[in-house]
Each structure stands twice: as structure tokens, then as C-alpha cells.
Amino acid sequence: MSRRSAARRRTVGIHLACVAVTLFMGVPIYLIALAALSSRESLNRFPLSLLPVDLSTETMRVFLDSTGVIGGFQNSVEVGLLSLILSLALGVPAGYAVARYAFRGREPYQLFLLLTRALPIVVLSVPLARVFLASGLYDTTYAVALLHTALALPTTVLITSAIFVAVPVEHEEAAMIFGASAPQAFARVVLPQALPGIAAAAIFTFVTSWNEVLGAAVLTLNRRTLPAQVLSTLADSPLAFRFAGGFALVVPALVFIAFMRRYLLNMWGTTIR
Amino acid sequence: MAPHADPGSPDLRLDRRRLLGLGLAAGAAPFLAACGGASTTGSDTEGAITFISTQFTPVEERQRFEQILRDRVKSGAVAYNTVEPNVFSSTITSQVAAGRVQVSLAGGLHGDFAPHADKFENLDDLATKLADRQFPPEIANLGKLAGGATTYLPWMQASYVLAVNKRALEWLPSGADVQSLTYDQLLAWITAARRGNGNKPVFGLPCGPKGLYHRFFQGYLLPSFTGGQMTTFRGPEAATAWQYMKELWAQTAPASTNFDNMQEPLQRGEVLIAWDHVARLVNAPADKPDDWVMAPAPRGPKGLGYMLVVAGLAIPRGAPEVDRARAVIEALTTPDVQLEVLRRNAFFPVVNAQLPADLPPAVALEAEAVRRQQSAEGAVLALPPVGLGAKDGEVSQIFKNCFKEICLDGRPVQQVLDRQAQQLNAILDEAKVPCWRPDPVAAGQTCRVQ
Amino acid sequence: MLAPGPGRGGADVSGAVTTAPDPAPSEPSSSAAVPPRATRRRRRSRVPTAALLVAPSVVFLAALFLWPIAVGVGQAFTGADGPTLAHLRRMVDDPYFWTATRNTALLIVVLIPLQFAFALTMALLLRERPRLSSFYFYVWCVPLAISDLAAGLVWLSIFADRGYLNSALSRFGLGDGFAWLSYDNQTSMFVAVLLAELWRATSLVLVIVVAGLQNIPRDYDEAAAVFGATYWQRLRHVILPQLRPSLQVALILRTILGLQTFAVAQALTGRSFPLLVGETYQWYVTLQNEHVSAAIALVILLMSLGTAVVYLRVLRDPATGGIR
């Protein structure tokens with residue numbers, strides 16, 4: 001009896017904790033949604049209403065009507081997916097190598113990866129723009145995708161390596177004993193078990209690319225990504241527009257996370273839905 | 001096999017297939033789209049020229065200016081790109097350095113062009129051709145950056161004024177006229193208003209990271225108290241001015257250090273009186289113009305110091321469409337278009353044009369305040385640093401540092417001024433330029449703090 | 001079986017315990033990580049394979065970024081006439097530089113441990129599979145989707161003088177507004193920046209930790225429970241050691257990315273709470289002096305790589321640690 005009540009107390013405690021964390025993480029999201037959908041005057045009142053009493057889609061509409069939002073959206077999706085493919089293609093094999101082989105120069109290699117991430121983009125962007133101008137890639141989505149791939153590569157390599165480390169080598173070897181080639185063993189045995197890590201890396205790559213402004217703004221001119229088109233110029237717009245822009249940019253990234261979450265929770269997948 | 005992988009594996013196969021599908025779709029996307037991405041500025045239009053600008057970045061202003069370009073520029077389509085000043089700078093730098101210029105026309109403030117004098121075409125001949133526009137000489141001369149050659153042609157001008165919510169007028173000291181205040185009256189006013197407002201400050205300055213408060217010191221406070229900007233930087237009158245600033249700051253809303261523009265705190269009613277750039281004030285009275293007064297800046301012992309903001313148009317060296325860009329400059333400097341810009345976006349004409357009577361109320365309020373300010377008795381015109389090039393920002397930073405150390409950190413005024421003057425002279429010695437107004441202008445003499 | 005189970009236990013235990021891999025739960029760290037035998041066996045024969053796998057990423061980064069990085073770093077030491085240390089001197093003479101360095105260090109030192117404790121708690125809560133855990137996880141991931149510019153805006157709307165926090169307080173009759181972000185309330189300013197960063201960036205750690213937790217077989221944990229280990233003992237001796245690779249990676253990434261953040265602090269405090277990366281932007285954008293900007297960037301680079309080296313060494317898995 002007492003054990004059961006202890007278990008119940010525990011369950012209640014866990015729930016309370018979950019609710020508390022959810023409130024902390026969720027309330028700011030609620031507030032940005034509220035602000036984005038409030039009328040311009042209501043944002044100027046004090047005290048501000050914490051409930052959706054004065055809703056208006058006016059600012060949202062003006063924002064969505066402004067030139068370049070559709071093109072920018074298309075470019076952002078393109079850049080995001082391109083960076084995703086590139087960084088997984090380059091990063092997953094490297095992550096596997098870092099996890100499995102204690103090769104000489106492993107540590108320098110990891111530091112080398114971090115180099116592009118450790119230097120503020122503003123310092124890199126002008127020399128990089130010059131490289132792209134010279135190679136004719138300037139003002140294309142490819143240039144931005146290349147930059148974002150470089151920014152995401154350390155995340156991809158390191159996260160996937162942490163996951164590959166946890167996949168027992170024995171499984172792979174067992175598959176090879178049963179006649180699978182090394183790539184087959186990797187694809188059939190290791191990859192499925194590493195899916196959560198790959199999903200996590202994919203989420204980061206896409207989200208990094210989706211939200212990156214500073215580099216994208218320097219590398220393009222007429223073919224902007226959505227945040228470069230919107231966020232940077234919104235800085236000078238009235239508050240209501242900034243909220244609308246910030247909120248509008250959140251939505252596609254949310255859809256992407258909702259989609260990738262399934263792979264991330266792969267192992268618990270049978271119980272968490 | 002791994003036991004804990006088993007329950008998931010039927011699912012996994014499906015997942016992999018989906019991943020593959022996602023991968024294929026993603027791989028195809030770039031090929032479906034036009035090569036290298038979709039245009040976000042309308043540059044796809046046949047023969048459109050690229051116009052990069054630091055002006056009209058707010059969404060609505062950009063939309064209105066794009067409309068003006070479509071309606072009024074007959075020489076062809078213009079793709080209007082608004083960028084932050086740093087992107088403007090790095091775009092011009094990298095394109096000119098790489099010898100592959102894609103920008104045909106650049107629009108920006110004097111300060112945006114100043115660091116890049118050598119990267120733009122000489123527009124002397126165009127300036128001659130446009131003599132009928134009658135640009136005021138002090139404005140036209142600002143554009144002569146590199147060795148007297150015309151780097152940019154004037155595009156628009158603006159200034160800074162006071163915006164006052166009429167609720168604050170009840171605390172105005174007796175005998176003071178809001179349209180011609182002195183700095184002492186301003187201080188007395190905001191002190192009384194704070195007392196009357198439940199000890200909440202009512203005065204605000206744009207001291208945020210993107211705020212233009214350094215222009216208050218460079219163009220208003222110091223010229224009004226000392227009659228100069230640079231030469232008198234650390235004299236006894238400047239010390240008085242900064243002492244005054246310290247007292248003013250004590251009555252100013254502390255949240256000012258977060259304000260980049262004043263129209264929003266004014267609209268919110270967070271402050272009732274504010275000084276700022278006209279374009280950053282214009283939305284405050286937009287809804288209820290009858291509740292607002294716009295007034296010239298206060299005057300000091302040496303007169304009414306005020307600053308002129310000038311935006312210009314320039315053509316990058318090696319631009320692909322020089323002739324079309326020139327045609328756009330001609331179109332944008334016609335009196336008609338200039339007034340259209342004033343009406344819609346509240347930037348003032350740089351050409352000789354009669355202000356129409358049908359301006360929007362908020363713009364009309366500003367136009368009147370700007371006119372009074374310029375024509376006030378003892379008006380002292382101050383210019384933003386001239387000819388400093390890349391050092392422009394660093395000179396402004398010196399004034400911001402003075403503010404930080406004197407007003408925020410409470411350091412002794414004269415000590416701070418002496419130390420910052422040293423820094424300022426180090427920068428000026430490197431730049432070797434003559435002084436600019438309101439300091440005595442003498443060609444060939446290097447401007448220095450006395 | 002498939003329903004959200006009450007706490008731990010349920011479906012997979014029975015099948016799992018019988019086929020648990022060989023290493024005993026008493027030595028979990030070496031078992032979950034690369035078994036040392038296997039690593040050593042492969043090391044000699046497969047070095048070319050490793051090189052082959054790593055090569056594409058090296059070539060990619062080198063081709064694109066080696067030159068920009070060299071140029072960027074080089075700017076710190078070149079003046080109008082040849083190499084110079086003037087920019088470094090200018091940097092250390094700047095009144096904002098040391099405050100920014102102090103703030104950056106302070107933020108990292110306070111933020112990172114908090115963030116990891118928070119993220120671990122969240123991940124362990126999820127591991128208990130409470131009802132709605134899928135929904136919780138989603139909400140907890142949402143800040144990932146928000147750019148730092150937007151995040152700064154959200155928290156500014158909360159902490160501003162007339163923001164949501166003061167609105168809520170005044171509705172409950174608790175004062176008529178406290179200036180949370182005022183330059184003379186250094187403490188509340190720091191707490192605001194800390195909270196905002198905690199909110200914005202903990203999801204990154206959470207996702208890495210959750211991905212890592214997926215691969216920890218529940219068998220060990222449950223075996224330990226059968227032998228009477230308390231929750232804390234299991235956490236300390238079973239779960240955390242197996243999470244080590246993920247935690248190490250999260251720590252490196254979070255610190256490096258943490259050193260890069262400034263948009264939130266700038267939105268909240270202007271330049272009253274300067275951070276180093278914010279100063280590089282300040283010098284580059286406002287002051288248009290790319291040399292000093294590059295010098296500060298170099299300081300950040302050294303801090304980043306320095307901490308990364310420390311993490312790689314200190315947190316190295318004992319099983320593979322000896323290999324150099």
C-alpha cells in the first residue's frame with residue numbers, strides 16, 4: 001500500500017515538474033503569438049493584456065503581403081534542405097570515423113571542424129563573399145547552402161559520433177560474419193540504431209540554416225532567404241511587425257521539428273506517440 | 001541482434017523509406033526552382049537594375065518607396081534592396097574588390113558613403129547636368145568626398161526635432177514657449193513634469209544600441225553651448241554642457257538606453273517628450289495628430305545648434321548599368337518625386353521645391369518644426385563629420401563614450417573630456433582633414449581639439 | 001503494452017534482460033562506449049578507411065574556408081604599413097573590452113551548468129514516460145525553432161518597463177513596474193539575460209541528451225534497480241556514464257555556440273551588458289574597423305578552441321583515453 005502511494009506521489013511529482021517546465025518553455029511562445037496577432041494599438045497600452053482579447057491579423061497580413069516573402073520562403077526551404085543533405089552526406093561518415101577509429105589527428109580534426117563555428121560570421125563573411133564573387137556563386141542559394149553546411153558540419157559530425165559510439169561494434173561484426181559487407185552492415189545495422197542522432201543533427205542543420213541571418217544577408221542580394229529578407233530589415237519596423245515576422249518565421253521550423261521528432265524518439269517510439 | 005532495436009525495426013524500415021522520399025524531394029527542389037534561387041526583389045524583370053540602399057528599411061516604407069519607383073522611374077525596372085549599413089558596406093567592399101560589381105546604384109546616408117569614397121564613380125558631370133535642381137551648396141559639398149570629386153548626389157534630407165505629447169504641456173514652466181525653448185527651460189520642464197507624473201520621467205533620448213543619441217551631442221548640445229563640435233571639445237563651455245547633460249540625464253527615463261527610436265515609446269505613452277530623427281518620430285503623431293506638438297530643439301548660450309542629415313545616391317565603380325543608374329538618379333531628384341517621398345515617407349526634399357499644403361498631418365507637423373529650426377534666430381548648423389571616411393563611426397563613438405562615462409558611470413567631467421580628447425586627436429591626426437561646420441572651416445588645416 | 005506505461009517497466013524488460021550484452025553493469029562506461037578491444041583491433045588495419053571517411057569534410061572546409069579564415073585572422077595583425085600590434089593594443093584599451101570579456105566568461109560559467117542540469121532533468125522526466133510526454137517534448141523543443149533575433153524580442157517584450165512581466169505584476173497589484181533592464185540594475189539585467197538564454201538554448205542540449213538516452217539500453221538500469229540501487233545511484237553509476245559521449249558533445253557545442261551569442265543580450269540590454277561577439281559586431285558595423293573586430297574575434301576563437309581542448313581531454317572516455 002505504502003509503496004503504491006509512494007509510486008503515485010512520484011507520478012504526481014513528475015507531472016508537476018513536466019507542467020512547470022512546459023510553462024517556462026511555452027509561455028514565451030504564447031506571448032510572441034499573442035503579440036503577433038494583437039492590434040497595433042493594443043501593444044501600446046499598459047498594462048498589456050495577457051489574454052487574447054484584442055486580436056487582429058492586420059500586421060500579419062501586411063507582413064505576408066510584402067515583396068519577396070514567397071520567393072524568400074522558397075529560397076529558405078531550398079537552402080535548408082540543401083544544407084541538410086550536404087551536411088549529412090559529409091558529416092555522417094566523418095562522425096562514424098570519429099566514433100569508430102582512433103586515428104591519429106582525431107582531436108585536431110574535431111578542433112578544425114569547430115574553427116568555422118568559433119569565429120564570428122561577421123569576420124568571415126566579407127572574405128567569403130569575395131570567394132563566391134570570384135567563383136560566380138555570389139547571390140545564389142548554393143552559396144548560402146555552402147556556408148550553412150559549414151556551420152552545421154561540426155554539429156552533425158559530433159552528434160552522430162556520440163551516437164555511433166553507443167552502437168555496439170559487436171552488432172556490426174555479427175552482421176559481417178553473416179556475410180554482409182562493411183557498407184551493408186553499416187546501412188542495415190548501425191544506421192537504424194543511430195537514427196536518433198542523425199535526426200537530432202538534421203534538426204539542428206535545418207534550424208540553423210532557417211534562422212541564420214548575418215551570413216545569408218552578405219552572400220546574397222536579389223535572392224535572399226526569408227530571415228535575411230525579413231528579420232534584418234524588420235529591425236527598424238514598428239514593434240508589431242517585428243513580432244509578426246518573428247512569429248511567422250517560427251511556424252515552418254515547428255513543422256519541421258514535428259516531422260523529425262518521430263525519428264529522434266525512435267527508440268522510445270513504440271511507447272511515445 | 002540488439003534486443004532493444006527489435007520492437008522498433010518494422011517501423012524503422014518504413015522510416016527509412018520516408019527518409020529516402022524526403023531526400024529525393026529535397027534533392028529535386030533546387031532543380032525545380034530557378035537556377036540558384038528565386039528573386040526576392042523583382043530583379044527577374046527584364047533588364048532590372050540593382051539598387052542597394054540603407055534607407056526605407058521598415059516594411060511599410062519599403063513598400064511605399066517601391067511603388068514610387070514603379071510609378072515614377074520611366075527608364076526601366078529597379079530592384080530595390082534594403083540592407084543594414086554593415087551589409088551595405090561589405091557588399092560594396094567585396095564587389096568592388098573582386099571586380100565583379102552587380103550593384104548599379106547605391107543609396108545611403110552620408111556616413112554610409114564616407115568610408116568608401118574610392119569605390120564610387122566620379123559624378124561631377126552629372127552634378128553639372130543637374131544644376132537646375134538647385135541643391136543647397138552645404139548639402140552638395142558634403143557629397144564631395146574624395147579630393148573634391150562628387151562621390152554621391154543629394155537624395156533626401158532630414159533633421160532632428162522634439163516631439164511633445166500635449167499632456168506634457170501642463171508642466172511647461174511659465175514664460176516658456178514650447179516652440180522656442182532654452183536648454184534650461186527644457187530641464188526645468190522635464191523636472192516639473194516628472195514630479196507631476198508620480199516621479200516617473202517623461203523625457204526620453206534614443207540611447208539604444210542603434211539609437212542616434214550621439215547626434216544629440218555632436219549637433220545639438222555642444223554647438224548650442226560651445227558654438228563648435230570638435231575644436232571646443234574639452235573647453236570650459238563643453239564642460240558646462242556635459243554638466244548640464246548629467247543633470248538632464250538624471251531626469252531622463254533610464255529605459256532610454258534601450259530605445260533605438262523614440263516613436264514607439266512615445267506611442268506607448270512611456271515617455272511624453274522626446275528628441276529624435278524626424279523619420280523615427282513620424283509614427284508617433286500618425287494616429288492622433290491633434291494630440292501632438294513638434295518643436296525645434298532648444299537653444300543654448302551660443303545659439304540653436306541643429307544637425308542636417310543627408311542621404312545620397314552613388315554609382316559603384318564598375319557598375320553594370322551606369323547609364324540606367326544615372327537616369328534613376330535624375331528621376332529621383334525631380335521636385336515631383338522628392339515631394340512624393342516627403343508625403344509618403346517623411347524625408348525632406350534636397351531640391352528647391354515648394355512644400356504642398358496637402359501633406360499628411362504628422363509630416364506637416366514635422367515640416368513646420370524643421371522650418372522653424374532652420375530659420376530660428378541664431379541657428380547654428382552642424383554637419384555630421386565630413387571627410388573622415390572610415391573613422392566616422394569611431395568619432396561618434398567618442399561622444400557616446402563621453403556620455404557613458406559622465407552620465408552612466410558618474411566620472412568627473414573634465415577628466416573624461418581630457419582623456420577622450422586625446423583619443424579624438426589621435427583619430428583626427430590620422431585622418432588629416434579640415435574642420436567642418438560649426439567649427440571654423442579652413443582648407444588645408446587639420447582639424448584638432450584645442 | 002503500447003499505452004504510455006506507468007513509470008518505467010512494462011514491455012521491453014522481459015525480453016531485454018535475458019540477452020543483455022556481455023559487460024557487467026558495474027562497468028558501464030567502457031561497455032556503452034567503444035569496447036577497447038575492438039578499437040584497438042581495428043586501429044591499425046583501418047586507418048585508410050578513417051581517412052577516407054573524414055576526407056570529404058576536410059576537403060570541403062579547407063576549400064571554402066581556409067582562405068577566409070586566414071584573411072579574417074590576418075586582419076588583426078595588419079595595418080596600413082605592414083604587420084602591427086596596434087589593433088590589439090587598441091582592443092585592450094577599449095573600455096568595453098574587459099567588461100565584455102568578464103560578462104562573456106560570467107555568462108558561460110553560470111549558464112552552462114544550469115543549462116545542463118535543466119536539460120538533464122527534462123530528459124530524465126521524459127524518460128519516465130509521463131502521460132503527454134510527446135507533447136511536452138515538442139513544446140520543450142520549440143525554442144530551437146526561434147531565431148535569436150526573435151528570441152531577444154520575446155524576452156524584451158517580457159522584461160521591458162511596460163512589458164508582460166510588469167503588466168502581470170501590476171494586475172496583481174504588485175507594484176507599478178520595476179526597471180528590470182535598467183543599466184543601474186546590473187543584477188536583474190544579468191538574470192534577465194540568463195533566463196532568456198536558458199530558455200533559448202537549453203533545447204539544443206535537450207535534443208542531444210535525448211538522442212543519447214535513446215541508445216542506453218534500459219536493461220542495465222533495470223538490472224541495477226532489481227539489485228536495489230536507488231534512483232540516484234542508478235543515475236550516478238549507470239545512466240550518466242553512458243551518456244558521457246553525448247554530454248561531452250553537447251558541452252563542446254553549447255560552449256562554442258554560447259560564446260557566439262549576443263543577439264539576445266543586445267536586444268535586452270543594448271550595450272549595457274556587452275558580450276565579446278557583440279563587440280566584434282560593434283567594431284565591424286558601427287565603428288567600421290575590421291582590424292580591431294578581427295582581434296576580438298581572435299580572442300573568441302582562442303577561448304572556444306581552448307575550452308574545446310579542455311573538454312576533449314578532461315571528458316575523454318577512459319576506455320579510449322589512452323590512445324594518442
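This is a predicted model: local features need pLDDT of at least 70, side-chain atom pairs count only at pLDDT 80 or more; totals for chains, interfaces and linings use all residues.
Helices are DSSP runs of H or I with at least four residues, numbered from the N terminus. By that rule, Arg8(A) lies in helix 1 of chain A. Arg8(A) has 11 other C-beta atoms within 10 Å. The limit for an exposed residue is 12 or fewer. Arg8(A) is therefore exposed.

Confidence in chain A was examined next. Its mean pLDDT is 84. A value of 70 or more is reached by 94% of the residues of chain A.

Chain A carries two assigned domains, domain 1 (2-58) and domain 2 (59-264). Their C-alpha centres lie 30 Å apart. The contact between them involves 9 residues of domain 1 of chain A and 11 residues of domain 2 of chain A. On the domain 1 side, helix 1 (residues 2-36) of chain A gives the most, with 4 residues. Helix 1 of chain A is also the element that holds Arg8(A). By class, the domain 1 side has 6 nonpolar residues, 1 polar residue and 2 charged residues.

Chain C is likewise divided, into domain 1 (35-84) and domain 2 (97-321). The centres of these domains, taken over C-alpha atoms, are separated by 28 Å. One loop of chain C holds a backbone feature of note. Arg129(C) has a positive phi of about 50 degrees, although Arg129(C) is not a glycine. The residue sits between helix 5 (95-127) and helix 6 (133-141) of chain C. Arg129(C) counts as partly exposed, because 19 C-beta neighbours lie inside 10 Å and a buried residue needs 20 or more.

Chain C touches both chain A and chain B. The contact with chain A takes 95 residues from chain C and 91 residues from chain A. Helix 3 (residues 36-74) of chain C supplies the largest share of the chain C side, 22 residues. That side divides into 67 nonpolar, 21 polar and 7 charged residues. In the contact with chain B, 23 residues of chain C meet 21 residues of chain B. Two elements of chain C give two or more residues to this side, helix 1 (11-18) and helix 13 (276-286). The residues of chain C here comprise 9 nonpolar, 9 polar and 5 charged.

Chain B has 15 helices and 9 strands. Its C-alpha atoms fill a box of roughly 85 × 65 × 50 Å along the principal axes. Of the 450 residues in chain B, 52% are buried. Contacts between residues at least 6 apart in sequence were also sorted by separation. In chain B, 75% of them join residues at least 24 apart.

Helix 9 (residues 236-250) of chain B was considered in detail. The helix has 15 residues. From first C-alpha to last, helix 9 of chain B reaches 21 Å, close to the 21 Å expected at 1.5 Å a residue. Ala238(B), Ala241(B), Trp242(B) and Met245(B) are buried in this helix. Seen down the axis, the buried residues fall within an arc of 95 degrees, so they line one face of helix 9 of chain B. An α-helix has 3.6 residues a turn, so residues three or four places apart point the same way. The cover over the buried residues of helix 9 of chain B includes helix 8 (213-226), helix 14 (392-408) and helix 15 (413-431) of chain B.

Two further backbone features occur in chain B. Asn199(B) has a positive phi of about 65 degrees and is not a glycine. The loop that holds Asn199(B) runs between helix 7 (183-196) and strand 5 (203-204) of chain B. With 7 C-beta neighbours inside 10 Å, Asn199(B) counts as exposed. The other feature is a cis peptide bond between Arg437(B) and Pro438(B), with omega about 10 degrees. Pro438(B) lies in the segment after helix 15 of chain B. Helix 15 of chain B is also among the elements that cover the buried residues of helix 9 of chain B.

Technical notes. Residues are numbered from 1 along each chain as its sequence is written. Chains are lettered from A and ligands numbered from 1 in the order in which they are written. Two residues are in contact if their C-beta atoms, placed from the backbone, lie within 7 Å. Ala, Val, Leu, Ile, Met, Phe, Trp, Tyr, Cys and Pro count as nonpolar, Asp, Glu, Lys and Arg as charged, and the others, Gly among them, as polar. The expected span of a helix is 1.5 Å times one less than its number of residues. The arc is that of the directions from the helix axis to the C-beta atoms. Domain bounds come from an automatic or database domain assignment. pLDDT is the predictor's confidence in each residue, from 0 to 100.
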